[in-house]
Amino acid sequence: MTTVLISVAVSVLTFGLGMLGLYIQRLLPERHMSTGSKEMIGAILGLVSLLLALVLGTLVGSAYGFFATQKANIETLCARSLELDLAFRQYGAETQPLREALRASMTGAYDAIWGDAATYRQQFDVAAYMPRFEKWNETLSSLSPHTPAQTQSLSSMIASSSAFQQTRLLTSLQLASPLSWPLLVIVVSWAMLLFCGFGLLSGLNGTSAAALGFGSFAVASAIFLILELSQPYTGLFRIPAASMQQTLAALGGSPARAE
């Protein structure tokens with residue numbers, strides 16, 4: 001809902017500045033709208049249009065890149081959890097508490113993606129699950145291998161566990177600051193100034209108002225995409241849960257939910 005409100009606000013502001021430009025154009029004396037003045041305004045608007053197109057396009061691309069990175073992190077987390085569970089099973093019955101902790105961790109991550117906001121904060125807040133990792137590492141360190149096979153499995157478990165925890169931490173830390181709000185404010189300011197300039201160079205009629213409306217919608221939709229793609233677990237475009245469902249089924253966790 002917040003992203004929708006922000007996008008609507010951007011649309012209203014850009015359209016309003018465009019209409020303001022149309023109104024100011026009618027009030028300006030004729031000498032201020034000479035051919036030379038219009039050429040200068042057009043050149044500046046061209047510069048602002050280029051800057052807006054470049055930066056806005058870059059922001060949309062960066063937001064999609066962030067979304068794709070988070071999706072890759074989840075898939076990597078699933079693969080490493082399966083590898084870790086295999087190492088636990090190969091070691092023996094002593095690793096059953098670790099297998100249960102791994103299953104609980106992946107189930108919590110799944111619930112965070114498709115659950116409510118409270119579950120999301122609990123599962124992706126670093127401070128919330130660091131104590132679990134500490135207990136996990138203590139249990140892993142307390143294992144005493146009795147055979148060469150267990151010694152080899154223990155080395156594999158330590159490496160896989162470290163990779164699993166690193167991926168989980170990286171996913172959470174990337175979510176801490178996915179978007180630069182000052183940059184977004186600057187881009188919206190450029191759009192407002194640009195639409196005001198468009199109004200100065202046009203006449204107040206239905207066609208101009210409709211063109212301003214379509215342009216405002218285009219800018220607002222780009223802002224909406226940036227905001228939504230920066231929220232891959234709570235936004236409209238959520239990361240698919242298929243990989244997590246398959247992982248939970250392999251780990252023996254809760255049955256997969258229908259999407």
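I number helices from the N terminus, taking each as a DSSP run, H or I, of at least four residues. The model I looked at is predicted.

**Entry 1, a loop residue.** I looked up Arg-31 and found this residue in the loop between helix 1 and helix 2. Is Arg-31 buried or exposed? Its relative accessibility is 64%, so I noted Arg-31 as exposed, the cut-off for exposed being over 50%. I then took the C-alpha separation of Arg-31 and Thr-2: 45 Å in space, for 29 residues in sequence.

**Entry 2, helix 1 with helix 7.** I describe two packed helices by the angle between their axes and the distance between the axes. For helix 1 and helix 7, the axes come within 6 Å and cross at roughly 30°. From helix 1 I listed the contact residues as Ile-6, Val-10, Leu-13, Thr-14, Leu-17, Gly-18, Gly-21, Leu-22, Ile-24 and Gln-25. They meet Trp-181, Val-188, Ala-191, Met-192, Phe-195, Cys-196, Gly-199 and Leu-200 of helix 7.

Helix 2 covers residues 35–91 and helix 8 covers residues 206–229. I read an angle of about 25° between them, with the axes 8 Å apart. That makes helix 2 roughly parallel to helix 8. I marked the crossing of helix 2 and helix 8 as left-handed. Which residues make the contact? On helix 2 they are Leu-56, Leu-59, Val-60, Ala-63, Tyr-64, Phe-66 and Phe-67; on helix 8 they are Ala-222, Ile-223, Ile-226 and Leu-229. The contact of helix 2 with helix 8 has eleven nonpolar residues, and I found no polar and no charged ones there.

Helix 2 passes helix 6 in a left-handed crossing. I sorted the residues of this contact of helix 2 with helix 6 into eleven nonpolar, 14 polar and three charged.

How many residues does the largest nonpolar core have? I have 53, and those with the most contacts inside it are Met-106 and Met-244. At least two residues of this core come from each of helix 1 (2–27), helix 2, helix 3 (96–114), helix 5 (126–141), helix 6 (148–175), helix 7 (181–200), helix 8 and helix 9 (242–251). Helix 2 gives the largest share of this core, 16 residues. Leaving out residues up to four places away in sequence, I listed what Met-244 touches: Ile-74, Cys-78, Met-106, Ala-109, Tyr-110 and Ile-113.

Ser-208 lies in helix 8. Its relative accessibility is 11%, so I noted Ser-208 as buried. Apart from neighbours within four places in sequence, Ser-208 is in contact with Leu-22, Ser-202 and Gly-203. I also checked Ser-208 against Ser-37: they are 171 residues apart in sequence and 20 Å apart in space, C-alpha to C-alpha.

Methods
Residues are numbered from 1 along each chain as its sequence is written. This is a predicted model: local features need pLDDT of at least 70, side-chain atom pairs count only at pLDDT 80 or more; totals for chains, interfaces and linings use all residues. Side-chain values use heavy atoms; hydrogens and water are left out. Axes are lines fitted to C-alpha atoms, for helices over the stretch in contact, and angles run from 0 to 180 degrees between N-to-C directions. Angles under 35 degrees count as roughly parallel, over 145 as roughly antiparallel, 65 to 115 as roughly perpendicular and the rest as oblique. A crossing is left-handed if the near helix is turned anticlockwise from the far one by less than a right angle, and right-handed if clockwise. Contact means heavy atoms within 4.5 Å. Ala, Val, Leu, Ile, Met, Phe, Trp, Tyr, Cys and Pro count as nonpolar, Asp, Glu, Lys and Arg as charged, and the others, Gly among them, as polar. A nonpolar core is a set of buried Ala, Val, Leu, Ile, Met, Phe, Trp, Tyr and Cys residues joined through side-chain atoms within 4.5 Å. Buried means under 20% relative accessible area, exposed over 50%, partly exposed in between (1.4 Å probe, protein chains only).
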